[in-house]
Amino acid sequence: MGLFSEVEELAARAQFMRESLGKSQSITDSMITILGSFDHRLSTLETVMRPTQVRTHAYRKAHENIDSTLKAAESVLTQFDVSRQVENKVLKGPENDLGGFLVAVDQLQNNVEYFTLNSSLKASDGALNHAKGLLTKGMTRLTEEFKALLVQHSKPVEPAHLTDMLPNPTKQAASSPHGGGSADGKIDSPQVVPLVLPVLLVPRIVPQLREMAQRLVAAGYHQHCLKIYRDVRASTLEQSLRKLGVEKLSKDDVQKMQWETLEGKIGNWIQYMRISVKLLFAAERKLCDQIWYHLDPHREKCFADVTDSSVHMLLSFGEAIAKSKKSPEKLFVLLDMYETMCNLLPEIEVVFSGESALGMREAAIGLIRRLAQTAKDTFGDFEDAVGKDATKTPVLDGTVHPLTSYVINYVKFLFNYQSTLNQLLGDRQREGKPNSQLAAVTMRIMAVLQTNLDSKAKFYRDPALTHIFLMNNIHYMVRSVRRSEAKDLFGDDWVQRQRRIVQQHANTYQRAAWGKALGYLSGSAASSGGLGSSSDGSGISKSAIKERFKNFNLLFDELYQRQTQWTIPDNELREAVRLAVAEVLLPAYRSFIKRYSAILESSKSNSKYVRYSPEDLDRMLSEFFEGKARVDQRR
């Protein structure tokens, strides 16, 4: 019973579940049918609503277009009103209110640009023409004010001010401006010590001119603006140079000048170049960088145009000197000019760094090359001139020849330019090797000079004076070399060799001048009398002794008259030559007097033959080589 009941209950539950699943499936099918019906209805509704959506989108787009058109219309109306709003300000000009005028010009410029871009708008042509006309009038007034301000405040710089500002040539130069200037005019400098540049315009004016230049360039008036700036600043720069003393000289003008005048002008030119490059041109560069800030390429061209005439005026003088007739005395000023240009070249390349100034940089480099070549040629000509000096008139007193003093002074000056000359002569000095091209050339010049002096010495009739002349000149050469920088380059061997030559000439002079006199004193030159009886038993006749005294006296008088007129300019050498003569002559004379004066004591004419005591001779020898006039010097 129990089991049967459980089975029936399970069967009833299974039947219930089958019935429930059947209902669920029926419900599902009904729902699918209903949802399918909804999808169909929605699709139909979407089809019905699509035209409404399209119309709604069109309405929205139309609203946006209307809004945009209204805004555009408002903007157009505003632009049409700009000219009327700024017209009075523009027509009044910038004199009393530059800031307000520039704002008005900017608005007007924008107005022109607007109507140019929106030329399709009705009535835009009339508005554009009116705005352009008004802008032209504004630019004309701005140009006039630009010129007026520039002319009013552009004054030449006083020479004394420039001279005071110029640094000492021995000191490192100042800062130099470069191509990339800044709005406030500050210039980066590679140098340690900055150089204060002259103020060319009142500082408060510079920003105003910059603002004007920017508007004029933006409006297409750059050519007119550049011309005004160039004309005013170039003229002012030239006035500064003229006040300084710069002249416009041609090659013919230079050729006609006396050397003393030309030498002074060259010295001035060196000063003018330093002032111009370091101060005036640098200051002009700074001013251009300030006023034409961010207005390239106008900035570079403007500076080149302003300085072109002044640079040409300065460099043309240097060119005239480099191309003028060569002469030895020009070498040192040529070297001064060459060194000046070489020292200034780095600053020239910085100041004139732009492409527009290329010609000026090249002109400066060209001048340096011509000065170098002319200096080398002049140096070579000097060596030839020393050898070819054909002066045949000897110096009467045997002193240092003018050619010798000229050459030695010339050589001493050469060593002030030792580094420059070695560079020009192509010397490549190696460490530890003191010899140089300059030393070799200078020693060659000295050798040529000595050869020339040997030729000049042959014009003397008196052999003794010949050797005094050569001794004086070679001693002067040796002494000058020993007291100058040339000593290290010539070397001790050269000095010692020349000193031996000096001594040889001194010895030869002594033999030539005093050999005959010493012969009279020793008896080898007795010209009369001879051996015979005498009261003292000396074997020499009294008449022969008298003759020897007489001949010695006459010869000494002659030597005294001549050699007191000769000159040995060096005190030490003069004393040395006198002493050498005295050391030979006085002992021989004392011996002669001691030996033979007793024979003449009984003679009434003793004083006639023994005219001088040894002390008299010593005193008279101290008057030799003083270059005295031809008078009787005896006392």
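**Figure 1. Salt-bridge network of R285, D289, D296, R299 and E300 in the predicted model.** The close-up is taken from a predicted model. R285, D289, D296, R299 and E300 are connected to one another through a network of salt bridges. Across the structure as a whole, 29 salt bridges are present. Side chains of opposite charge can pair when their charged atoms come close.

**Figure 2. Salt bridge between R562 and D462.** The nitrogen-to-oxygen distance between these two side chains is 2.6 Å. The relative accessibility of R562 is 30%, so R562 is classed as partly exposed. D462 has a relative accessibility of 18% and is therefore classed as buried.

**Figure 3. Salt bridge between R611 and D557.** Here the side chains meet with an N to O distance of 3.0 Å. This pair also links distant parts of the chain, R611 and D557 being 54 residues apart. R611 is placed in the loop between α19 (606-609) and α20 (614-621), while D557 is in helix α17. With a relative accessible area of 34%, R611 is partly exposed. D557 is buried, its relative accessible area being 13%.

**Figure 4. Salt bridge between E623 and R619.** The closest N and O atoms of this pair lie 3.8 Å apart, which is within the 4 Å limit used for a salt bridge. E623 is buried at 7% relative accessibility, whereas R619 is partly exposed at 26%.

**Figure 5. Surroundings of the cysteine pair C288 and C302.** How many disulfides does the structure hold? The count is zero. A disulfide is a covalent bond between the sulfur atoms of two cysteines. For C288, the closest cysteine sulfur is that of C302, at 3.8 Å, and this is too far for a bond. The cut-off applied to a pair of cysteine sulfur atoms is 2.5 Å. C288 is buried, with 0% relative accessibility. Another cysteine, C342, is partly exposed at 28% relative accessibility.

**Figure 6. Patch of negative charge on the surface, formed by E485, D488, D492 and D493.** These four residues gather on the surface. One of them, D488, is located in helix α16, which covers residues 486-522. Is D488 buried or exposed? D488 is exposed, with a relative accessible area of 67%; the threshold for that class is over 50%.

**Figure 7. Patch of positive charge on the surface, formed by K412, R482, R483, K487 and R499.** The residues gathered in this patch include K412, which is found in helix α12 (residues 402-414). K412 has a relative accessible area of 36% and is partly exposed.

**Figure 8. V112 and A127.** V112 lies in helix α2, made up of residues 98-117. Its relative accessible area is 8%, so V112 counts as buried. Along the chain, V112 and A127 are 15 residues apart, and their C-alpha atoms are separated by 8.6 Å.

Conventions: Residues are numbered from 1 along each chain as its sequence is written. This is a predicted model: local features need pLDDT of at least 70, side-chain atom pairs count only at pLDDT 80 or more; totals for chains, interfaces and linings use all residues. Side-chain values use heavy atoms; hydrogens and water are left out. Patches are made of residues with over 30% relative accessible area and no salt bridge: like charges are joined within 9 Å, nonpolar side chains (Val, Leu, Ile, Met, Phe, Trp, Tyr) within 5 Å. Accessible areas come from the Shrake-Rupley method with a 1.4 Å probe; for residues, only the protein chains shown count as cover. Lys and Arg count as positive and Asp and Glu as negative; His and the chain ends are not counted. The place of a charge is taken as NZ of Lys, CZ of Arg, CG of Asp or CD of Glu. Helices (H or I, at least four residues) and strands (E, at least two) are DSSP runs, numbered from the N terminus. Buried means under 20% relative accessible area, exposed over 50%, partly exposed in between (1.4 Å probe, protein chains only).
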